[in-house]
Amino acid sequence: MSKLNSNAPTGDIDKRWEKHLFELSLIAPQNRGKYNIIVIGTGLAGASLCATLGESGYNVQSFCFNDSPRRAHSIAAQGGINASKNYQNDGDSTQRLFYDTMKGGDFRARESNVYRLAQLSGNIIDQAVSQGVPFAREYSGYLANRSFGGAQVSRTFYARGQTGQQLLLGAYSAMSKEVASGKVKHQSRSEMLEIILVDGKARGIVVRDLVSGEITAHTADCVVMCTGGYSNAFYLSTNAKGCNTSATWRAYKKGAFYANPSFTQIHPTCIPPTGENQSKLTLMSESLRNDGRIWAPKKIQDCGKDPREIAEEDRDYFLERMYPAFANLVPRDVASRAVKSICDEGRGIGTEIHGEKLGVYLDFSSIIEHIGEDKVREKYGNLFDMYERISGENPYQLPMKIYPAPHYTMGGLWVDYNLMTTIDGLFAAGEANYSEHGANRLGASALMQGLADGYFIAPRTVANYLAKNKLEPVGLDHPDVVKAMDDVKDRINKLMNAPEPKNSPDYYHKKVGRILWAACGMSREQESLKAAIEEIKALQIDFWQHVKVTGIDKDMNQTLERAGRVADFIELGHLMCRDALEREESCGCHARLEYLESDGEAKRDDENFAYVAAWEYSEEGAILNKEQLDFEFVKPSVRDYT
Amino acid sequence: MNFTLHIWRQKNAQSKGDFHTYQVDDIDSDTSFLEMLDQLNEQLIGKDEDCVVFDYDCREGICGACSLVINGHPHGEKKATTTCQLYMREYANQNELWIEPFRADSFPVIKDVLTNRDAFDRIIQAGGYVSTNTGSAPDANSQLVRKPDADAAFDAATCIGCGACVAVCPNASASLFVSAKIAHLDHLPQGKVQSDTRATNMVRQMELEGFGSCSNHRHCESVCPQEISIANITTMNRLL
């Protein structure tokens, strides 16, 4: 029936990865130098993969659009990385991390993959420490941990509020070691614009040099995409400005299925927007919810007041009230929806935009009173500084203002247990794949997944693919290579020469972002999704007719770069809405208004929707394929965080 | 708020650049510096002109991509802040802004105010790592690290590799950048094993790239958005 085979092993869940590893084919050390692998994107997944493949002896060609791999957006992850080390002796285990991740994802992930992730988590910490990643430590010299949303154990390792930075610099340094050894040939300021298929297999990519504008082709034995997520489809998100879907979208249009595109995470604690010309939103780490208390005024007339003048009994600590067990540490989707409902009631605070005040307080006065300002500074100093720089307010004295914002995308390229897409020889790792987080990712799990994929999983499964496939070299004069190059040049020509150039790429990006945020953001419903699909179709036509790119293409041209990315976001936005429309249930971050309990909780429909929606490109419109999810080891339950 | 901008425009590395003057009006005080430049670029697109090219990515002060010298100060005058984290409310009393690239021979201009900082990558490749391979690590708690050492390592490791230290230095020295990595790894038992060769190799690469030496002007420390201490340079020199 389905074209989708997860290739997941069977048998005892705790033996599956071990069994699979034994069954994977190997390549002997002396032969590895005969193989060439392309890695696109050098964030946590890509850099760790480049390092590991290089160490093993393969020839790696890597590409990133930034001026250095060290700038990848993984660097901005703040709070931490989960691992089931149970160093705190609070009952953690592989099984518990597995269960928490399945539950956090609202039972929309593949059990085998999630269990493997939990199994590998501890090893990631070992690896990072050996590279010199300066995790926080206790006075005893042992590693420190903190707790995070969606868990009742302390399993999060952290480096102040810069865990992503430190882990990325660790992976980048490991990759740099392999650049020095000659096994990794890296090109920065290079954007992948097309994937090259030969006999149905991924054999190369077409790249635009962002400095000269030159278009070149690169061939290899297989290709791995580590190109991150697509939250920037919403225009305003916590992602770095350059983050885009173009690589994954090119793969989709060549036959890689796109899974669960509507599963996008809205992070509850971001600094609210203050005006129309804002270019991005900044996250305040979820770790702040450990010690900060979220509240809104009980009375609407208090919303304009100085928060310090609002009496204790007039404050509604709504997460503590609604979810006494997890309180401020409920998962992100639950917290975000609660914040939205408070603001929808008119109890929001902060700057009024379009007649709405979108914000609630995240208050640190109790913890400052309890442990002192110095201790708070040691834990969260850089986050507090960042907040003050952006907002102009001192969070040691005034509560922070926060509001949810798009932050992470669980959806992405469909992959099997080997992280291979539906295109032979095309792998996807890190946020670029749809992976382990189901319908909602738990905090501190993105870094874990990116590094598990890059250090431990993809190096083995890629080797297996190379060992099993006899691949003839592909020359740059191969007709499929020439065709891919021509397609890229045509597309650039179209972007540079719209019939009636009028509007900038940003104009369109803001438009599609607003449509998606309204119809496919924190809450969705049938009618508005249908309307959004029509609006996006019209916007797409408008874009190709009127987009205006100044300058020339054979030069550094950031306007052209943006235009290409926005064109892909528009198409992806359409698919996000279709996916959201098709899934007539609420689960995790996907909240369909028609399918919510009276208290706002998601009403999941396991009978009809316990599947991964994998969309297949076709010129007549995307085709839905389903990977049915089987639950042998966890029993899907109603997520209850009360 | 209204601003007169004098922006360095340069076609490419080979050509000569000069300042061009632009006017941007009605800028909200909560607009970030780079958002103000975004608005200028939207104006330029409207006038069929090529946009001003500048580096940016995270816009939250951590990726190290953004640069710019603003009125003579790398990352502007505000302490401990990258350009992307500057807000126009800081410029309430300055309505004329001079915007230039980071200037150093080892950071050649690619276009306008955007420079090539690949030299930093090559310095890291020369030794800014621990030679550990994936899969060979012992349990993370098998080697204890004194908390003050871990904290000192973190303080050095927090460098974002932006290059402001080079841009402000009269010698265009990269000593603060190089020493931060050397000191970060020297504070930890995992990194200490290779400290001597690491320092020698990284400093040699710094010299090969054409960066100057440190002669204690200490400007680097004062412009560093991460407030990396020049004490790291002492650590580096001790290891050479």
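The legends below describe close-up views of a predicted model. Residues are numbered from 1 along each chain as its sequence is written, while chains are lettered from A and ligands numbered from 1 in the order in which they are written. Because this is a predicted model, local features need pLDDT of at least 70 and side-chain atom pairs count only at pLDDT 80 or more, whereas totals for chains, interfaces and linings use all residues.

**View 1. Chain B as a whole.** The secondary structure of chain B comes to 9 helices and 7 strands, where helices (H or I, at least four residues) and strands (E, at least two) are DSSP runs numbered from the N terminus. Its C-alpha trace spans about 60 × 35 × 35 Å along the principal axes. Of the 240 residues in chain B, 55% are buried; a residue is buried if 20 or more other C-beta atoms lie within 10 Å of its own, exposed if 12 or fewer, and partly exposed in between, with C-beta atoms placed from the backbone.

**View 2. The side of chain B that touches chain A.** Here 63 residues of chain B are in contact with 62 residues of chain A, two residues being in contact if their C-beta atoms, placed from the backbone, lie within 7 Å. Among the elements of chain B that give two or more residues to this side are helix 1 (33-46), strand 6 (109-111) and helix 5 (175-186), and the largest share, 6 residues, comes from helix 1 of chain B. The residues of this side divide into 26 nonpolar, 18 polar and 19 charged, where Ala, Val, Leu, Ile, Met, Phe, Trp, Tyr, Cys and Pro count as nonpolar, Asp, Glu, Lys and Arg as charged, and the others, Gly among them, as polar.

**View 3. The two domains of chain B.** Chain B is divided into domain 1 (3-111) and domain 2 (117-239), with bounds that come from an automatic or database domain assignment. The domain centres, taken over C-alpha atoms, are separated by 28 Å, and the contact takes 18 residues from domain 1 and 17 residues from domain 2 of chain B.

**View 4. Helix 5 and helix 9 of chain B.** The axes of helix 5 and helix 9 (residues 231-239) of chain B come within 8 Å and cross at roughly 75 degrees, axes being lines fitted to C-alpha atoms, for helices over the stretch in contact, and angles running from 0 to 180 degrees between N-to-C directions. The two helices of chain B are therefore roughly perpendicular, a term for angles of 65 to 115 degrees. Residues that meet in this contact include B:Leu176 and B:Ile182 of helix 5 and B:Ile233 and B:Met236 of helix 9.

**View 5. An open sheet in chain A.** In chain A, 5 strands form an open sheet in the order 6-2-1-10-20, with parallel pairing; two strands pair if DSSP finds at least two bridges between them. Strand 6 (184-187) and strand 20 (426-428) of chain A stand at the edges, each with a single partner strand, so one side of each lacks a neighbour in the sheet. The twist averages 20 degrees from one strand to the next. Helix 2 (residues 44-56) of chain A packs on the sheet, and its direction makes about 160 degrees with that of strand 2 of chain A.

**View 6. The surroundings of A:Glu276.** A:Glu276 lies in the loop between strand 12 (264-270) and strand 13 (293-297) of chain A, and A:Glu276 counts as exposed because it has 10 C-beta neighbours inside 10 Å.

How values were computed:
Parallel < 35°, antiparallel > 145°, perpendicular 65-115°, else oblique.
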